Amino acid sequence: QMNYLQAHHIKVISMPELIEKVNDHEPIRGKSVVITFDDIDRTMIDNAFPVLLKHHYPFTDSIITGNTGWYKQGTKLATWPAILKMKKQAGNLVTFGVHTNRMHYLVDNGTPVFNLPRNYTRFKHDYATSQEVLKEKIGYQSPIFTYPYGSGTPQIQKFLDEQRRLKVVLTLNDGIVTSHSNLKQTPRVIVNTSSWPSIKRWLV
């Protein structure tokens with residue numbers, strides 16, 4: 001997939017570049033790609049990162065800050081030492097986002113735990129903790145929050161809208177970003193073997 005982007009001269013931009021373009025109302029001409037990863041299991045570091053480094057492509061990793069090193073759904077999340085080693089190698093290529101601290105799981109017949117009204121206050125504390133942990137480990141608080149499972153309730157979205165630090169809230173709403181997009185509800189396209197053929201057609 002990365003070879004395809006390079007072969008077809010598709011511009012890969014960083015999340016900070018996207019934020020700047022949209023906030024400055026700069027027309028987005030042509031087709032560009034922003035590469036994002038959620039959760040950050042060790043396969044991202046072991047398999048994807050070397051390819052990104054080879055192509056010198058920027059990317060964004062959203063971390064479940066309180067669950068690093070845990071086993072989750074059959075895979076092991078990357079440890080902080082592995083993340084920090086990658087950060088050192090990647091330099092300015094990598095941007096980090098928060099993906100909650102410890103609220104990335106489902107309850108009550110498949111509802112994300114943070115979307116339950118009774119957990120609203122807990123979510124606000126968890127969000128603050130995720131930013132504090134990221135600052136302690138990485139050195140900065142992030143302008144990027146990524147929804148576990150793709151979306152939140154209107155109450156959660158309103159809370160995130162009010163966070164001045166946040167510039168981007170990544171969802172799993174299918175779509176592309178344009179000059180008129182609201183980055184607090186940023187759509188994305190999941191890339192897998194099923195979606196890749198249609199993505200290729202869109203790119204060219």
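Is Tyr127 buried or exposed in this structure? Tyr127 has a relative accessibility of 3% and therefore counts as buried, where buried means under 20% relative accessible area, exposed over 50% and partly exposed in between, computed with a 1.4 Å probe on protein chains only. The model is predicted, so that local features need pLDDT of at least 70 and side-chain atom pairs count only at pLDDT 80 or more, whereas totals for chains, interfaces and linings use all residues. Residues are numbered from 1 along each chain as its sequence is written, and side-chain values use heavy atoms, with hydrogens and water left out.

The aromatic residues are described next. A pair of aromatic rings is described by the distance of the centres and the angle of the planes. Rings of Phe, Tyr and Trp (its six-membered ring) pair if their centres lie within 6.5 Å; planes under 30 degrees apart count as stacked, over 60 as edge-to-face and the rest as tilted. By this rule the model holds 11 aromatic pairs. One of them joins Tyr127 to Phe145 in an edge-to-face arrangement, with 6.0 Å from centre to centre and 70 degrees between the planes. This pair links distant parts of the chain, since Tyr127 belongs to helix H5 (residues 120–138) and Phe145 to strand E10 (residues 144–146), 18 residues apart. Helices (H or I, at least four residues) and strands (E, at least two) are DSSP runs, numbered from the N terminus. Phe145 has a relative accessibility of 0% and thus counts as buried.

Tyr127 also forms an edge-to-face pair with Phe159, at 5.8 Å centre to centre and with 85 degrees between the planes. Here too distant parts of the chain are linked: Tyr127 lies in helix H5 and Phe159 in helix H6 (residues 154–161), 32 residues apart. Phe159 counts as buried because its relative accessibility is 9%. Ring pairs connect Tyr127, Phe145 and Phe159 with Phe114, Tyr120, Phe123 and Tyr147 in a cluster. A further ring, that of Trp202, has the charged end of Lys31 over it, 4.9 Å from the ring centre; a charge sits over a ring if NZ of Lys or CZ of Arg is within 6 Å of the ring centre and within 35 degrees of the ring normal.

Helix H5 also carries Lys124, which is partly exposed with a relative accessible area of 30%. Lys124 and Ile156 are 32 residues apart in sequence, and 8.7 Å separates their C-alpha atoms in space.

Helix packing was examined through axes, which are lines fitted to C-alpha atoms, for helices over the stretch in contact, with angles running from 0 to 180 degrees between N-to-C directions. The axes of helix H4 (residues 80–90) and helix H3 (residues 42–55) come within 12 Å and cross at roughly 5 degrees. H3 is therefore roughly parallel to H4; angles under 35 degrees count as roughly parallel, over 145 as roughly antiparallel, 65 to 115 as roughly perpendicular and the rest as oblique. On the H3 side, Met44, Ile45, Phe49 and Leu53 meet Ala82, Ile83, Met86, Gln89 and Ala90 of H4. The residues of this contact comprise 8 nonpolar, 1 polar and no charged, where Ala, Val, Leu, Ile, Met, Phe, Trp, Tyr, Cys and Pro count as nonpolar, Asp, Glu, Lys and Arg as charged, and the others, Gly among them, as polar.

The axes of H4 and H5 come within 11 Å and cross at roughly 60 degrees, which means that H4 is oblique to H5. Trp80, Ile83, Leu84 and Lys87 of H4 meet Val133, Leu134, Lys137 and Ile138 of H5. This contact has 6 nonpolar, no polar and 2 charged residues.

Backbone geometry draws attention to two loop residues. Most residues other than glycine have a negative phi, and most peptide bonds are trans. Ile40, although not a glycine, has a positive phi of about 70 degrees. Ile40 is located in the loop between strand E3 (36–39) and H3 and is buried, at 1% relative accessibility. His56, also not a glycine, has a positive phi of about 60 degrees. His56 is placed in the loop between H3 and E4 and is exposed, with a relative accessible area of 56%.

Asn67 occupies the loop between strand E4 (59–63) and strand E5 (71–72) and is buried at 8% relative accessibility. Apart from neighbours within four places in sequence, Asn67 is in contact (heavy atoms within 4.5 Å) with Leu77, Asn101 and Arg102.
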